[in-house]
Amino acid sequence: MDFDSALIAVQQGKSDMVLAGLTYREDRDELMDFSTSYATGVQVVIVRDDSDITELDDLENNKMIGTQRGTTGFIYASDTPENGGYGEEHVLAYDNGAMAVKALLNGQIDAVIIDNGPAQAYVAANEGLRILPTEWVTEDYCLAVNEGNTELLKALNSALEELITDGTVKTIIDKYITE
């Protein structure tokens, strides 16, 4: 399911948890309960090779930015410039990262903000794209359960602690979320 739907499903009790590169945020914490962090996520900016965007500051020059709907990339980028964003009128939300990258390749937008792992894969699979050298944002990934589901959250935190301690989480991240 798409990212927005995954968040809604756990909030409505249609799924037990959401585990999808989910970043802790205070506003999300009002709707869901979060686990301890299991990984650090890095968001980067993808541009076309022929782009005049060479650094993050270049995004402030009325560029159109694509993100995946519901992600922190969208939330942060669409915020006001006073809060570090570029404004809603400069950000387009797509159902998934692949659609945003396709729009970039087609010249419909100037940049895509997305997690580093998928960004690396998109750049490797699509000639003519590059990632800016500076990280856009670094954040902690957690899983989340429906607000008030403390029993499940306690069990998940216990399992996470064990899997982090024995190296299982690092092995999974190294295999599936390469940087």
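## A salt bridge between Asp-50 and Arg-48

The side chain of Asp-50 forms a salt bridge with that of Arg-48, at 3.4 Å from N to O. In this predicted model, Asp-50 counts as exposed because its relative accessibility is 63%. Arg-48, at 21% relative accessibility, counts as partly exposed.

## Other salt bridges

Across the whole structure, a search finds five salt bridges. One of them joins the side chains of Asp-95 and Arg-69, with an N to O distance of 3.1 Å. This pair links distant parts of the chain: Asp-95 lies in the loop between β5 and α4, and Arg-69 in the loop between β4 and α3, 26 residues apart. Asp-95 is partly exposed at 36% relative accessibility, and Arg-69 is partly exposed with a relative accessible area of 34%.

Asp-174 and Lys-170 also meet through their side chains in a salt bridge, at 2.8 Å from N to O. Both residues belong to helix α7 and are four residues apart, about one turn of the helix. Asp-174 is partly exposed, with a relative accessible area of 44%, whereas Lys-170 is exposed at 55%.

Strands β4 (residues 65–68) and β5 (residues 91–94) run parallel and are joined by four bridges. Within this pairing, Ile-65 has Val-91 of β5 as its bridge partner. Together with helix α3 (residues 72–78), β4 and β5 make a right-handed β-α-β unit.

## Confidence of the prediction

The protein chain has a mean pLDDT of 93, and 98% of its residues reach 70 or more.

Definitions and conventions. Residues are numbered from 1 along each chain as its sequence is written. This is a predicted model: local features need pLDDT of at least 70, side-chain atom pairs count only at pLDDT 80 or more; totals for chains, interfaces and linings use all residues. Side-chain values use heavy atoms; hydrogens and water are left out. pLDDT is the predictor's confidence in each residue, from 0 to 100. Two strands pair if DSSP finds at least two bridges between them. Helices (H or I, at least four residues) and strands (E, at least two) are DSSP runs, numbered from the N terminus. A crossover is right-handed if, with the strands pointing away from the viewer, the path from the first strand over the helix to the second runs clockwise. A salt bridge is a side-chain nitrogen of Lys or Arg within 4 Å of a carboxyl oxygen of Asp or Glu. Buried means under 20% relative accessible area, exposed over 50%, partly exposed in between (1.4 Å probe, protein chains only).
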